[in-house]
Amino acid sequence: MSESFGVVSLENKDTWKIIEEELEKPSIFKSRESLSPEYIPGQLPHRDKELKALASYFKHLVTTPGSISQRVLITGRIGTGKTALAKVFGRDFTRLAAEKGYKVRYAHVNCHRNRSLYNVIADIGRQLDVPVPPRGLSSKEMYDLILNHLDERDEYAVITLDEFHYFANISGPDAVYFIVRTYDAEELFRRLNFIFIAIDPVKLGFLDPTTEGYLLRHLVKLNPYTSQQLFDILKYRAGESMYEGSYDDEVLKFIADFEGWDKGGGGNARHALEILHVAGSSAEAEGRSRITIEDVRKAIMSTSREILTVSEAIRDSPIHELLILLSIVKLLRKTGRSELKMGEVEDEYNAVCEFYGEVPRKHTQVYEYVMNLSRAGIIQARSSGKGQRGRSTLITLPYGPLDVLERYLDELIRKKIQLGL
Ligand SMILES: Nc1ncnc2c1ncn2[C@@H]1O[C@H](COP(=O)(O)OP(=O)(O)OP(=O)(O)O)[C@@H](O)[C@H]1O
């Protein structure tokens, strides 16, 4: 067949240019900073409801400003987006208020860093651009300065006290009342509105019942993320920070399934993003332009404090559980896949038994051993459910590196065989 070449298009480049661009192209990250914890994303997938709740709590600032001093409590487990939600709300609400001609400021105080009453107030003053005289002021003087500053400029402020329980525990209830002024009806004070962030409302037990009751009625509770929600969040954040083609849905799903609350994980978006970041960095360090499941396993191992080191967990396991675990590791390495079916693990187990001169156990016993390993958190086993031919058990190992694990298991099994265990 005669080959006809189309008209040489103008965008064709010299071959050296194509190669040079490829060599220069950073392989994974197009913007690392958009994966950093401090980065405030443009979207917050699966937090629309909570954003709407905050907007309705603070709506008075653009309808009847000064009518009340609002106080809202955001709670949720670590990594559920409490800080991001408050900062995104602060950023967007103040912009939208300004478009309507209202001057609303936003300040975000980290009470883990600023634990004393004076430091919290000074940080609020700094963020609201309150000119502070050089001589030392008392907390009350500083606070009054802030209120008068807002009054003079006819501004209102939404102030988030993040990790509020640290401040409350260190500085005590009097300091909290000083800031929150539950009973303060003075009009000037209504220029301040508050968002308190605490992991657990129980930690606010020191508050008097009125304040506590008020905050619990103005509560925005963030639930831990499910694996599907984390997949969506990872997809969005990866799209912002990594090059197309440097990751795929299987990698994101692997992380999301590990961390998803519905799959026994912590539902922690920070941890999921950290795993993605570490996996991307290790692929890049090895000069590869694509993240593999193995990169993710290594990242999970290096970032997951809660995973017992495998050696502790399997030290006293029966030898055939170890042979099954080794079969899983070998097969995951061979196939490069993220999950295995029970049947193929069993085939690999029979071959591994033959290699070590062991008589393989029957199916029911093998299944029992797999369930033991899953109950111990050493592997993850789930039923395939719909979408697969027949129901099967799907098995994966959420951590790595597999080559290190394989060597370790081989040594452990040889030792147990020598000892006749
Ligand atoms: N819905 C979401 N969409 C996009 N990114 C999110 C979402 N939720 C959380 N994140 C990201 O996950 C990370 C953790 O979020 P954040 O720090 O807000 O959690 P947190 O609940 O305040 O955690 P902690 O209690 O540890 O302070 C941040 O990088 C944040 O940008």
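1. Which residues in H13 meet which residues in H14? In this predicted model, the H13 side consists of His320, Leu323, Ile324, Leu326, Ser327, Ile328, Lys330, Leu331 and Lys334. Their counterparts in H14 are Glu344, Val345, Glu348, Tyr349, Val352, Cys353 and Tyr356. By class, the residues of this contact of H13 with H14 comprise 10 nonpolar, two polar and four charged.

2. The geometry of this helix pair may be stated as follows. Helix H13 spans residues 319–335 and helix H14 spans residues 342–356. The two pack at an angle of about 115°, and their axes lie 8 Å apart. H13 is therefore roughly perpendicular to H14, since angles of 65 to 115 degrees are assigned to that class. The crossing in which H13 passes H14 is right-handed.

3. A separate point concerns the largest pocket. The volume of the largest pocket is about 1000 Å³, and 38 residues line it. Nearest the centre of the largest pocket lie Pro37, Gly79, Thr83, Ala84 and Arg270.

4. Several elements contribute to this lining. At least two residues of the lining of the largest pocket come from each of helix H3 (82–99), strand S2 (104–110), helix H8 (227–241) and helix H10 (269–285). H10 gives the most, with five residues.

How values were computed: Residues numbered from 1 in each chain as written. Predicted model: local features only at pLDDT ≥ 70, side-chain atom pairs only at ≥ 80, totals over all residues. Heavy atoms only, no water. Axes fitted to C-alpha atoms, helices over the stretch in contact; angles between N-to-C directions. Helix = DSSP H or I, 4+ residues; strand = E, 2+ residues; numbered from the N terminus. Parallel < 35°, antiparallel > 145°, perpendicular 65-115°, else oblique. Left-handed = near helix turned anticlockwise from the far one by under 90°. Contact = heavy atoms within 4.5 Å. Nonpolar A, V, L, I, M, F, W, Y, C, P; charged D, E, K, R; others polar. 1 Å grid on protein atoms, 1.4 Å probe; cavity = no way out; pocket = protein on both sides within 12 Å on 5 of 7 lines; lining within 4 Å. Points joined across faces, edges and corners; volume = space filled by probe spheres on them.
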